[in-house]
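Hi there,

Here is the structure I promised to pass on.

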Amino acid sequence: MLELYNEFVNHPDFWKYISIPFVAAIVGWSTNWLAIQLTFYPVNFFGIPPWLGWQGIIPKRGKKMAGIVVDNTLDKISTMQEIFDEFEPEKIAHHIIKVADSRIEELTDDIMTERNAVLWENLPNVLKNRAYARARRQIPQMMDSLMEDMHANIEDLVDPKALIIKKLSEDKNMLNRVFWECGETEFKFVINSGAFFGFLFGVIQMFVWWYNKDWYILPAFGLLVGLATNWLALNLIFRPLNPTKLTPIGPTVQGLFLSRQNAVSEVFCRIVTAEILTIGHIMNEIFRGPKGDRAKAMLKRHMRPIIDGGMVKTVAQLTVGPEGFVDLKRTIEEKTIEMSLASFDDPMFTKERGKVVEKMFRTRMQAMSSEEFQDLLRPAFQEDEWILITMGGVLGLMAGFAQLFFMFASTT
């Protein structure tokens, strides 16, 4: 044994042999780093379409990825009815009423000036004030009844799945951020473990090369390092699925991502409720989305008593005439929608309502089984995973040939 040790230490290529594990570590780290980068970037296709170039796996599959996230998480933890319950329709109504009350004169003046500025300006203030006062009295009741109606029919007014998919597929940077912030620890583990596993394989490679100088040894081990480091890292993230003792007296282990379920749930639910499924986005989708006509018809029905009744109708007909009254009603409805949606630009109100929904999401997501929870991040690795692993193998093979030709050419 001592003889072998002395022979190895005193060998003229000693430092070349010692470099093998370190080269393998570099190969393992760099191939895994490249694999993660290619998962996210570039956000847009770079190269000559359709085949010569690359686009990050997640942004390339934007719509599909977003759909998988929704199917595997939000569909299992909440419904639109429950989300709207948490937003509390009465508080939404109160917030809109508060904004409307402060803007009723401004809104009315804008609408009437747009229709007939001269007549509106010359209309006696007593008539204007009566119109303002009536609207101010009736808006709270109208808004409360509208919110009750929307609450009862919310499932027919907005599809949260379609909303989230639209937001994430349109904003690929946000989609990237959802996956990165949820799996940052795991992605860094994949990269750094490449160096660790690569070094271990490199030690084996060094001894095999010491005893066997066949030309294919270094390229073969390079290929193995590139393939195995990615494969091992990915499996350690999601396996074992549930807490498991590998030995009777050993520690309990679980896949890295799965063991962080509580922390990941907090990050995911914060992003979704603060940036995607906000009260403003939902209300905008209700009135401007594919089912917007239903919501507008509902608004029109609830506004009819205000517009068609008493002094408001009289003042309107005095300024725009009976024929212009129909067009005026459409304008009022559209301006009311704009004002209502603008009220949700208030960051404090949006944050307050978002926190309530976030808490519900987080509690339910943390209670998901490991089988269900793994599906949040797993798609980021599964999509074209074979390409990333194969690429690692190819780069490792090239590194092996480089070692053979540039470091050990004289020994083969």
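Let me start with Ile-139, which touches Ile-97, Ala-100, Ile-104 and Ile-306, not counting residues up to four places away in sequence; contact here means heavy atoms within 4.5 Å. Ile-139 sits in helix H7 (residues 125-152). Helices (H or I, at least four residues) and strands (E, at least two) are DSSP runs, numbered from the N terminus. With a relative accessibility of 13%, Ile-139 counts as buried; buried means under 20% relative accessible area, exposed over 50%, and partly exposed in between (1.4 Å probe, protein chains only). The C-alpha atoms of Ile-139 and His-302 are separated by 9.7 Å, although these residues are 163 apart along the chain.

A word on conventions: this is a predicted model, where local features need pLDDT of at least 70, side-chain atom pairs count only at pLDDT 80 or more, and totals for chains, interfaces and linings use all residues. Residues are numbered from 1 along each chain as its sequence is written, and side-chain values use heavy atoms, with hydrogens and water left out.

Next, the aromatic rings. The structure holds 14 aromatic pairs. Rings of Phe, Tyr and Trp (its six-membered ring) pair if their centres lie within 6.5 Å; planes under 30 degrees apart count as stacked, over 60 as edge-to-face and the rest as tilted. One of the pairs is Phe-40 with Tyr-41, which is tilted, at 6.3 Å centre to centre and 40° between the planes. Phe-40 is buried, at 2% relative accessible area, whereas Tyr-41 is partly exposed at 45%. Phe-40 also pairs with Phe-187: the ring centres are 5.0 Å apart and the planes stand at 80°, so this pair is edge-to-face. That pair links distant parts of the chain, with Phe-40 in helix H2 and Phe-187 in helix H10 (residues 172-211), 147 residues apart. Ring pairs join Phe-40, Tyr-41, Trp-180 and Phe-187 into a cluster.

Finally, the backbone. Most residues other than glycine have a negative phi, and most peptide bonds are trans. Against that background, a cis peptide bond joins Tyr-41 and Pro-42, with omega about -5°; Pro-42 lies in the loop between helix H2 (14-40) and strand S1 (46-48). The bond from Arg-239 to Pro-240 is cis too, with omega near 0°, and Pro-240 is in the loop between helix H11 (217-238) and strand S3 (244-245). Glu-88 has a positive phi, near 60°, and is found in the loop between helix H5 (80-87) and helix H6 (89-122).

Best wishes
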